[in-house]
Amino acid sequence: MSNEQASAQAYLADARNDQVLVYVNGEFFPRNEARVSVFDSGFVLGDGVWEGLRLIKGKLISLEAHLDRLFEGARSIDLDIGLDRAGVAKVVTDTLAKNGMTDGAHVRLMITRGLKKTPNQDPRFVIGKATIVCVAEYKTPIPEAKAKGYSLFTSTFRTTQPDQFDLRLNSHSRLNLIQALIQAIKAGADEALMLDPRGFVASCNSTNFFIVRGRELWTSTSLYSFKGITQQNVIDAWRAAGNVAKECDFTLAQVYSADEAFVTGTLGGVTPATKIDGRFIGDGKAGKVTKEASDLYLRSVGAL
């Protein structure tokens, strides 16, 4: 695989994506004509919130949970979306319908504070309404990633405390996570594993992280990391099957000695992590418990 294909955000090339129409503030444009102003709050400051959604077999996975997170984030930064939940959901469904998409699509819904009179931080300089952009593309995760598993590298960049930058906000500002990913890429890994300010494992830069010990799944609390919707779906599905899933603090030493490890995300679902900091986890192959957790998750969301 190329460096790009090894990314946890990678997907198979699909020529249909060249023809997608992008929603921008109530209108649809060919992807190479879709534009926002250089004075937009999102471009100037990363001032906005977003959601990534997955369409499988005609169903938007966990739509209500995504809307909950979107509106919670918008309220917390005093951003008026200008639409209610039904209106935002319609933006997404209209974008999918406009592109004739019924399966295998990934949606990126982006909402910023809107156009600014001048490029500064003060939200009182915003002119008009929020900017709403919806991009829907055909995305199939790289099959080799599921078979081989990701290689992770523990970054020196830490996740942040809520009083510094609350990662529960699905904010357009992602620079510290990008810095961690760049460090991992330079180290020859696919994704960065990040520790919290206390030294416990938090998450990866774009995915949530689990270890398997026996038949128990361990993942971090959401105190110092983004609270993933796929992460929660995996926890719920595992517990519903009568198994143990813990949201707890754990260390790198416990990661290195784990039986298996995997990451979760909207695009890839459950993907094994077989190598961390140059060390093979377990036997260095995608594990049986990881496969079971993946199957339970897929069944729970109607994708299997």
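Two strands pair if DSSP finds at least two bridges between them, strands (E, at least two residues) and helices (H or I, at least four) being DSSP runs numbered from the N terminus. This is a predicted model, in which local features need pLDDT of at least 70 and side-chain atom pairs count only at pLDDT 80 or more, while totals for chains, interfaces and linings use all residues. Residues are numbered from 1 along each chain as its sequence is written, and side-chain values use heavy atoms, with hydrogens and water left out.

Q: Which strands stand at the edges of the open sheet?
A: The sheet has 6 strands with antiparallel pairing, in the order E2-E1-E8-E5-E3-E4. One side of each edge strand is left without a neighbour in the sheet because each has a single partner strand, and these are E2 (27-30) and E4 (59-60).

Q: Which residue in E8 is the bridge partner of Tyr 23?
A: Strand E1 (residues 21-24) runs antiparallel to strand E8 (residues 131-138), and 2 bridges join them. In E8, the partner of Tyr 23 is Cys 134.

Q: How do the aromatic rings of Phe 210 and Phe 262 pair?
A: Rings of Phe, Tyr and Trp (its six-membered ring) pair if their centres lie within 6.5 Å, and planes under 30 degrees apart count as stacked, over 60 as edge-to-face and the rest as tilted. Phe 210 in strand E12 (residues 208-213) and Phe 262 in strand E15 are 52 residues apart. Their centres lie 4.7 Å apart with 15 degrees between the planes, so by the cut-off of under 30 degrees the pair is stacked.
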